[in-house]
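Subject: Handover of a model, with notes on what was found

Dear colleague,

I am passing on the model we spoke about, so that you can look at it yourself before reading my notes. The notes follow directly below it and go from one part to the next.

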Amino acid sequence: MSKKTNKQKENQPVLKQEIPIQGDPYWKVSHLFLDPQRVGRFAKKFERFDEEHPEWTQMVLEGVPTLYCILGVSRGASEEEIEIAYAKKLRLSSYPMEFIDEAYEVLTNKSIQKEYDELLLVFEQITKCMAKSEKNEMIQYHNGFIKREMDFVRMGELQPQYVKFLNFYLLGAPELYEIIGFDPKSLSEDIRKRCETGSELFKKIFTILGDPSKRGDYDFLMYFVERYGTRENHEERNRNAKKWEKIDRNTIEKIIINSLDHSDVSEKPDIRLNNIISANQDWKLYLPPGKETFFSILGIEKSSLSGDKKEIEKILREKYRYLEKTNEVNLAYSVLKNESQRADYLWLSDNIDMFNALEQIYSKDEEEVPLINKKKRKGQKKQGAKKKPPSQITFDDLARMMEKIYEMEAIGQKKRMMK
């Protein structure tokens, strides 16, 4: 092949750069092809940067977005804007922590930032002597990083609405299409006919799958888990799904309906169940499906304690007066006469089936700690830089992301209440 033919081949246009998220106008790959000798001085500068800041040169050559794009800020951003962007990325991002920290340290130091800007200019110049295939590969990796971060940004926006449902789905719960027996490609009209005459859960599901916008969001959630979960994650979820098959349908419906309730994102039923039982271990013998309850011990109906506070106290005193003061009777009376404890006991009685089901779901054979003593797993070690955009995260990562959303929502709720 002649030099002319070879040069024509190298001059063919490279893959078009499409970078839709927050823009990354500072990572530039030249479409020109020049003889290496014509960019010699830039090559020498790049070698100098490689000696002084090898982490920078490695990142740009591997297609990692610029530090501006990683934080989502532009040149000239104020220190306050950088601080806000940094805090946001710490909460939720696909980029390794090393990248985020590096971006913050460089962009908050004007002299170092100036050096980094010079590197980006030099990088664009040396790409002129790179082979087309090499340029294409870098751009492909770059766009892969961008696409991944786009998914994480959208996931972060949707999590507050679906975080409770995702929490159970990652533990093996059936997804919405599976519950109603339909395919994700099913027509909305067919879904409507199935759901409108179904159970309360079916009607709740239709409020999501019957709305094009909400259905699109839900489909994205399922795509996100499928796309970024590892094979081991999916295998574990499938194993956990078998536990759900042993739970009665009514309990599953109650769990799923609760998980789709957006009214109070900050409180998870499993946490409330755990907190009440942990503080009241002596209640466990008097909860369904046990034969005795605090109501039966005192000989009263649950419905009789739904009236005025004074009336409730009167009913309880009258029943207690004529009973033998055993430990059981004293415990039942002390719990039911206390308005707060009575509310907790009533709520627990109505939802203990969920607790028992969740205890089965959270447990893992003999090695797993029961739900009431379950501790959070420690975070995984930070990831180092990789050549290709990381394509998978673990379900533990997703769980930690959701915990961040819970914390943010709880803080926001407290601030709203203080206003």
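A residue is called buried when its relative accessible area is under 20%, exposed when that area is over 50%, and partly exposed in between. By that rule Arg 231, with a relative accessibility of 59%, counts as exposed, whereas Glu 235, at 38%, counts as partly exposed. Please keep in mind throughout that this is a predicted model, and that the values below are computed from it.

Overall picture

The chain has 20 helices and zero strands, and of its 419 residues 44% are buried. Among the contacts in the chain with a separation of 6 or more, 76% are between residues 24 or more positions apart.

In soluble globular proteins, nonpolar side chains tend to be buried together. Here the largest nonpolar core has 69 residues, and the members that touch the most other members are Leu 176, Leu 209, Ile 256, Phe 294, Leu 336 and Tyr 345. Helix α19 supplies the largest share of this core, namely ten residues.

For Leu 209, if neighbours within four places in sequence are left aside, the contacts are with Leu 176, Tyr 177, Ile 180, Ser 188, Ile 191, Arg 215 and Tyr 218. Leu 336 belongs to helix α18, which spans residues 327-337 and in which Val 329, Leu 331, Ala 332, Tyr 333, Val 335 and Leu 336 are buried. The cover over the buried residues of α18 includes α16 (294-298), α17 (309-321) and α19 (339-362).

A buried threonine

Thr 251 sits in helix α14, residues 249-259. Is Thr 251 buried or exposed? Thr 251 counts as buried, because its relative accessibility is 2% and the cut-off for that class is under 20%. The side chain of Thr 251 makes a polar contact of 2.7 Å with the side chain of Asp 248, and, not counting residues up to four places away in sequence, Thr 251 touches Asp 353, Met 354 and Ala 357.

Salt bridges

Side chains of opposite charge can pair when their charged atoms come close. A search of the whole structure gives 14 salt bridges, and I describe a few of them here.

Arg 231 and Glu 235, the two residues with which I began, form one of these, with the closest N and O atoms 3.9 Å apart. Both belong to helix α13 (residues 231-244), where they are four residues apart and therefore separated by about one helical turn. Arg 48 and Glu 52 also meet in a salt bridge, at 3.6 Å from N to O, and both lie in helix α2 (residues 40-52), four residues apart, about one turn of the helix. Arg 48 is partly exposed with a relative accessible area of 32%, and Glu 52 is partly exposed at 44%.

Which parts of the chain are tied together by the pair of Asp 117 and Arg 75? The side chains of these residues meet in a salt bridge at 3.3 Å, N to O. Asp 117 lies in helix α7 (residues 110-126) and Arg 75 in the loop between α4 (67-71) and α5 (79-91), so the pair ties together parts that are 42 residues apart in sequence. Arg 75 is partly exposed, with a relative accessible area of 37%.

Aromatic pairs

The count of aromatic pairs comes to 21. Phe 152 and Phe 224 form an edge-to-face pair, 5.1 Å centre to centre with 65° between the planes. This pair links distant parts of the chain, with Phe 152 in helix α8 (residues 132-169) and Phe 224 in helix α12 (residues 212-228), 72 residues apart; both residues are buried.

Phe 295 and Tyr 345 form a tilted pair, with 5.8 Å between centres and 45° between the planes. Phe 295 is in helix α16 and Tyr 345 in helix α19, 50 residues apart, and this pair too links distant parts of the chain. Phe 295 and Tyr 345 are both buried. Finally, Phe 152, Phe 220, Tyr 223, Phe 224 and Tyr 228 form one aromatic cluster.

With best regards

Definitions and conventions. Residues numbered from 1 in each chain as written. Predicted model: local features only at pLDDT ≥ 70, side-chain atom pairs only at ≥ 80, totals over all residues. Heavy atoms only, no water. Buried < 20%, exposed > 50% of the residue type's maximum accessible area, 1.4 Å probe, protein only. Helix = DSSP H or I, 4+ residues; strand = E, 2+ residues; numbered from the N terminus. Contact = heavy atoms within 4.5 Å. Polar contact = N/O pair within 3.5 Å; in protein donor to acceptor, adjacent residues only side chain to side chain. Core = buried A, V, L, I, M, F, W, Y, C linked by side-chain atoms within 4.5 Å. Salt bridge = Lys/Arg side-chain N within 4 Å of Asp/Glu carboxyl O. Phe/Tyr/Trp six-rings, centres within 6.5 Å; stacked < 30°, edge-to-face > 60°.
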